[in-house]
Amino acid sequence: AAMRRFHTARLLVNIGAVHIRRECYEDAMSSLELSIRSSKLIPEKSVHYYRSLEVLSDALENLGLVYYKEKDLVISLAMYNDALDARRACLDLLEQKWKSRLIKSKDEVRKINEEKFACKMELASTVQQIALLEERQGNIGKAIERCEEAVALRKEVSPEVDESSLTLLNALGRLYSHRSVGWYKEALN
């Protein structure tokens, strides 16, 4: 039953994403809210609970995107913050899961590292979206904190500077040079 709920929740997120692309926001909200309810039905003791948190995070982020597109930044930010909580819980569960296991092979180590990488990159992306929403609402101090957190998460997982990292660093520079902050030296670094 838990596996079926997980797959249903994932499918509903995908359907919601399609509705967002089609700009059918009411349909997107319906699908995403159903996904959230379905994800929350998976018990914490289930082996699928970790995956249900991933789906829950994705559904909440997509719902946040819908509210953003409908110009409701307050609710959008709340959805992204809920997604952030779920992503952090997901990462905690992942770390607990692997700490409690005896690693037997190089393949298992590779799998652990891949899962941690993916989870932390998703976490960094969520934090980055929150930074942008905070900036749009004029909360520059909070936006800087979130942007710095996203940069730290990305550096932790991948020291390479890719296009996403450049976008993030550009946003941080823009925030540092905001007239209310005036950290021009930091913006140039």
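Is L168 buried or exposed in this predicted model? L168 counts as buried, at 1% relative accessibility, where buried means under 20% relative accessible area, exposed over 50% and partly exposed in between, for a 1.4 Å probe and protein chains only.

The model is predicted, so that local features need pLDDT of at least 70 and side-chain atom pairs count only at pLDDT 80 or more, whereas totals for chains, interfaces and linings use all residues. Residues are numbered from 1 along each chain as its sequence is written, and side-chain values use heavy atoms, with hydrogens and water left out.

View 1. L168 has its place in helix α7, residues 163-176, helices being DSSP runs of H or I with at least four residues, numbered from the N terminus. Leaving aside neighbours within four places in sequence, L168 is in contact (heavy atoms within 4.5 Å) with Q128, C147, A150, V151 and R154. W98 lies 70 residues from L168 along the chain, and the C-alpha atoms of the two are separated by 30 Å.

**View 2. Packing of helix α5 against helix α6.** The axes of α5 and helix α6 (residues 140-157) come within 8 Å and cross at roughly 160°, the axes being lines fitted to C-alpha atoms over the stretch in contact, with angles running from 0 to 180 degrees between N-to-C directions. That angle makes α5 roughly antiparallel to α6, since angles under 35 degrees count as roughly parallel, over 145 as roughly antiparallel, 65 to 115 as roughly perpendicular and the rest as oblique. The crossing of α5 and α6 is left-handed, a term used if the near helix is turned anticlockwise from the far one by less than a right angle. Among the residues that meet here are F117, M121, A124, Q128 and E135 in α5 and I140, A143, C147, A150 and R154 in α6. By class, the contact of α5 with α6 has 13 nonpolar, 1 polar and 8 charged residues; Ala, Val, Leu, Ile, Met, Phe, Trp, Tyr, Cys and Pro count as nonpolar, Asp, Glu, Lys and Arg as charged, and the others, Gly among them, as polar.

View 3. E135 lies in helix α5 and, not counting residues up to four places away in sequence, touches I140, A143, R174 and L175. From S38, E135 is 97 residues apart in sequence and 32 Å apart in space, C-alpha to C-alpha.

**View 4. Packing of helix α3 against helix α5.** The axes of helix α3 (residues 49-69) and helix α5 (residues 106-136) come within 12 Å and cross at roughly 25°, and α3 and α5 are therefore roughly parallel to each other. Their crossing is left-handed. The contact is made by Y50, R51, D58, E61 and Y68 of α3 together with E115, E122, T126, L133 and R136 of α5, which by class gives 3 nonpolar, 1 polar and 6 charged residues.

View 5. S39 is found in helix α2, residues 25-40, and is buried, with a relative accessible area of 4%. Beyond its neighbours within four places in sequence, S39 is in contact with A9, S52, V55 and L56.

View 6. A search of the whole structure finds 0 disulfides, a disulfide being a pair of cysteine sulfur atoms within 2.5 Å. C147 is in no disulfide, and the nearest cysteine sulfur, that of C119, is 20 Å away. C147 counts as buried at 1% relative accessibility, whereas C24 is partly exposed, with a relative accessible area of 22%.

Technical notes. Helix = DSSP H or I, 4+ residues; strand = E, 2+ residues; numbered from the N terminus.
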